[in-house]
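Student: Hi, could you walk me through this one? I'd like to start with the surface and then go inside.
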Amino acid sequence: MKTHNLKLSIEFCDAVLSGEKTFEVRKNDRGFQTGDLIRFIPTDGKSYHSLNGTVIEHAKHEISGHTYKITYILNGWGIKNGYVVLGIKEIKCNNCVFYHTCYKRNVVCDDYRPRQTEED
């Protein structure tokens, strides 16, 4: 299982975050596999300078604190050769992200507890 850090245009961030957009179309150049994780880096096409002078190419958006799991991969079937459609679903738990770093303790979380929602 890999974690992919992918840029995402700011115009799609709200739709992915709300769960309205549950797929992502990508060039298949990273060896995507079902079960892999995605962390989105919001971008608006502009460059910003941080306080220490480094150039940052991402915009601020709440989605950068969320992790998504690839649940399905579609290729062929009218999809342009070399591209895939990834089915994605946000991974949620109380304070942590499945197989990722705990935000509160900054360690790999061993206490995964999925939230119980009506959707699950």
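Tutor: Happy to. Let's set up patches: they are made of residues with over 30% relative accessible area and no salt bridge, where like charges are joined within 9 Å and nonpolar side chains (Val, Leu, Ile, Met, Phe, Trp, Tyr) within 5 Å. A salt bridge is a side-chain nitrogen of Lys or Arg within 4 Å of a carboxyl oxygen of Asp or Glu. Accessible areas come from the Shrake-Rupley method with a 1.4 Å probe, and for residues only the protein chains shown count as cover.

Tutor: Also, this is a predicted model, where local features need pLDDT of at least 70 and side-chain atom pairs count only at pLDDT 80 or more, while totals for chains, interfaces and linings use all residues. Residues are numbered from 1 along each chain as its sequence is written, and side-chain values use heavy atoms, leaving out hydrogens and water.

Student: Which residues form the nonpolar patch on the surface?
Tutor: Phe-23, Val-25 and Tyr-83, with about 260 Å² of accessible area together. Val-25 lies in strand 2; strands (E, at least two residues) and helices (H or I, at least four) are DSSP runs, numbered from the N terminus.

Student: OK, salt bridges next. How many does a search of the whole structure find?
Tutor: Two. Glu-24 pairs with Lys-21, their closest N and O atoms being 2.5 Å apart, and Glu-24 also meets Arg-26, at 3.1 Å from N to O. That links Lys-21, Glu-24 and Arg-26 in a network.

Student: Why can side chains pair like that?
Tutor: Side chains of opposite charge can do so when their charged atoms come close.

Student: And is Glu-24 buried or exposed?
Tutor: Glu-24 counts as buried because its relative accessibility is 6%. The cut-offs are under 20% relative accessible area for buried, over 50% for exposed, and partly exposed in between (1.4 Å probe, protein chains only). Lys-21 is buried too, at 12%, and so is Arg-26, at 16%.

Student: What else does the side chain of Arg-26 reach?
Tutor: The backbone oxygen of Lys-7, at 2.5 Å. Arg-26 sits in strand 2 (residues 23-27). Not counting residues up to four places away in sequence, Arg-26 touches several others, including Phe-32, Phe-40, Tyr-83 and Leu-86; contact means heavy atoms within 4.5 Å.

Student: Now the inside. Which residues touch the most other members of the largest nonpolar core?
Tutor: Of its 13 residues, those are Val-16, Ile-38, Phe-40, Ile-63, Tyr-68, Leu-86 and Ile-88. Such a core is a set of buried Ala, Val, Leu, Ile, Met, Phe, Trp, Tyr and Cys residues joined through side-chain atoms within 4.5 Å. Strand 1 (3-9), helix 1 (10-18), strand 3 (37-43), strand 6 (67-74) and strand 7 each supply at least two residues, and strand 7 gives the most, with three.

Student: What does Tyr-68 touch?
Tutor: Among its contacts beyond four places in sequence are Val-16, Ile-38, Phe-40, Ile-63 and Ile-88.

Student: Last one: where is Trp-77?
Tutor: Trp-77 is in the loop between strand 6 and strand 7. Its phi is near 45°, a positive value in a residue other than glycine. Trp-77 counts as exposed because its relative accessible area is 80%.

Conventions. Polar contact = N/O pair within 3.5 Å; in protein donor to acceptor, adjacent residues only side chain to side chain.
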